[in-house]
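This briefing covers the strands, helices and nonpolar cores of one protein model. Please keep the sequence and the structure in view while reading.

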Amino acid sequence: MAQFNGRFIGSIVVLTGAGISAESGVPTFRDADGLWEQHDPMEIATPGAFRRNPDLVYRFYNARRSMLAAVAPNQAHQALARLQREFAGEVFLVTQNVDDLHERGGSSQVCHMHGQLQASLCTACRRSMHAHGDFDRHSSCPACGAVGCLRPDVVWFGEIPYYMDEIEARLAECDLFIAIGTSGLVYPAAGFVQRARGAGATTVELNREPSEVAGLFHHRRQGLATTTVSALVAELLAG
């Protein structure tokens with residue numbers, strides 16, 4: 001068990017957002033040069049958009065999936081993996097990101113609440129599978145053989161994130177909640193700080209700029225994720 005700000009910490013929940021992967025070269029959605037600058041989210045990230053123009057949606061997500069080969073995990077990803085390895089208590093990592101940088105950075109457990117770029121979901125048999133390269137409306141499902149039924153296994157606007165029951169349970173039990181690189185605009189993740197704080201947890205935000213819910217955190221540290229995350233992990237492990 002570690003100490004943080006004079007309090008003993010036995011369990012930690014970490015939430016990560018686009019800011020932690022931005023330093024690896026993964027574009028964020030809301031920055032001035034982010035993904036939404038080139039694309040209207042209502043045309044590429046909703047079930048209705050997929051029905052109206054599946055070819056556009058396939059191209060967008062195939063390109064994003066291919067981009068992952070050109071990026072690598074950074075010190076922040078690696079620091080969280082170290083925390084999972086060396087912390088004496090529990091560390092539950094939940095991410096809004098659909099990339100695989102936490103896994104490649106060494107994390108042994110990652111809860112992808114918004115799905116994963118490197119997975120496809122069959123709308124016929126409801127199986128989720130690893131996506132080996134590009135797929136489109138002419139592709140067949142490896143599990144059931146249905147043609148034209150594969151979609152990116154990512155959570156779009158208007159859909160319910162994955163693993164919410166487990167996340168809620170972890171938030172209700174944690175001693176420390178840490179949010180890293182999140183905007184505080186997207187719910188339900190933006191409400192996690194209230195859930196954790198209401199259950200008695202100490203809350204910390206690490207961000208380049210204050211999020212929309214920064215005022216709800218007990219502690220706020222501003223700066224790049226590679227700096228702030230590494231420092232906090234070292235502090236927790238030393239304590």
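The points below describe a predicted model, starting with its sheet and ending with its nonpolar cores.

The model holds an open sheet of six strands with parallel pairing. Strand S9 (residues 176-180) pairs with strand S3 (residues 11-16) and is also joined to S10. S9 is mostly covered, with five of its five residues buried.

**Sheet order and edges**
- The strands follow the order S5-S4-S3-S9-S10-S11.
- Strand S5 (111-112) and strand S11 (219-222) are the edge strands, and each of them pairs on one side only.

**Strand S9 and its partners**
- S3 and S9 pair in the parallel sense over five bridges.
- Along this pairing, Ala 179 in S9 is the bridge partner of Leu 15, and Val 14 stands opposite Ile 178.
- S9 and S10 run parallel and are joined by five bridges.
- Phe 177 has Thr 203 in S10 as its bridge partner.
- S9, helix H9 (residues 192-198) and S10 form a β-α-β unit that is right-handed.
- The residues of S9 point two ways: Leu 176, Ile 178 and Ile 180 point one way, Phe 177 and Ala 179 point the other way, and all are buried.

**Helices on the sheet**
- Helix H6 (residues 75-86) lies across S3, strand S4 (90-95) and S9.
- H6 runs at about 150° to S4.
- Helix H8 (residues 164-173) packs on the sheet and touches S3, S4, S5 and S9.
- The direction of H8 makes about 135° with that of S4.

**Nonpolar cores**
- The largest nonpolar core has 24 residues, and Ile 12, Ile 178, Ile 180 and Val 229 touch the most other members.
- Elements that each supply at least two residues of this core are strand S1 (2-4), S3, H6, S4, S9, strand S10 (202-207) and helix H10 (225-238).
- H10 gives the most to this core, with five residues.
- Leaving out residues up to four places away in sequence, Ile 12 touches Leu 83, Phe 87, Glu 90, Val 91, Phe 92, Cys 174, Leu 176, Ile 178 and Leu 236.

Definitions and conventions: Residues are numbered from 1 along each chain as its sequence is written. This is a predicted model: local features need pLDDT of at least 70, side-chain atom pairs count only at pLDDT 80 or more; totals for chains, interfaces and linings use all residues. Side-chain values use heavy atoms; hydrogens and water are left out. Two strands pair if DSSP finds at least two bridges between them. Helices (H or I, at least four residues) and strands (E, at least two) are DSSP runs, numbered from the N terminus. Contact means heavy atoms within 4.5 Å. Axes are lines fitted to C-alpha atoms, for helices over the stretch in contact, and angles run from 0 to 180 degrees between N-to-C directions. A nonpolar core is a set of buried Ala, Val, Leu, Ile, Met, Phe, Trp, Tyr and Cys residues joined through side-chain atoms within 4.5 Å. Buried means under 20% relative accessible area, exposed over 50%, partly exposed in between (1.4 Å probe, protein chains only). A crossover is right-handed if, with the strands pointing away from the viewer, the path from the first strand over the helix to the second runs clockwise.
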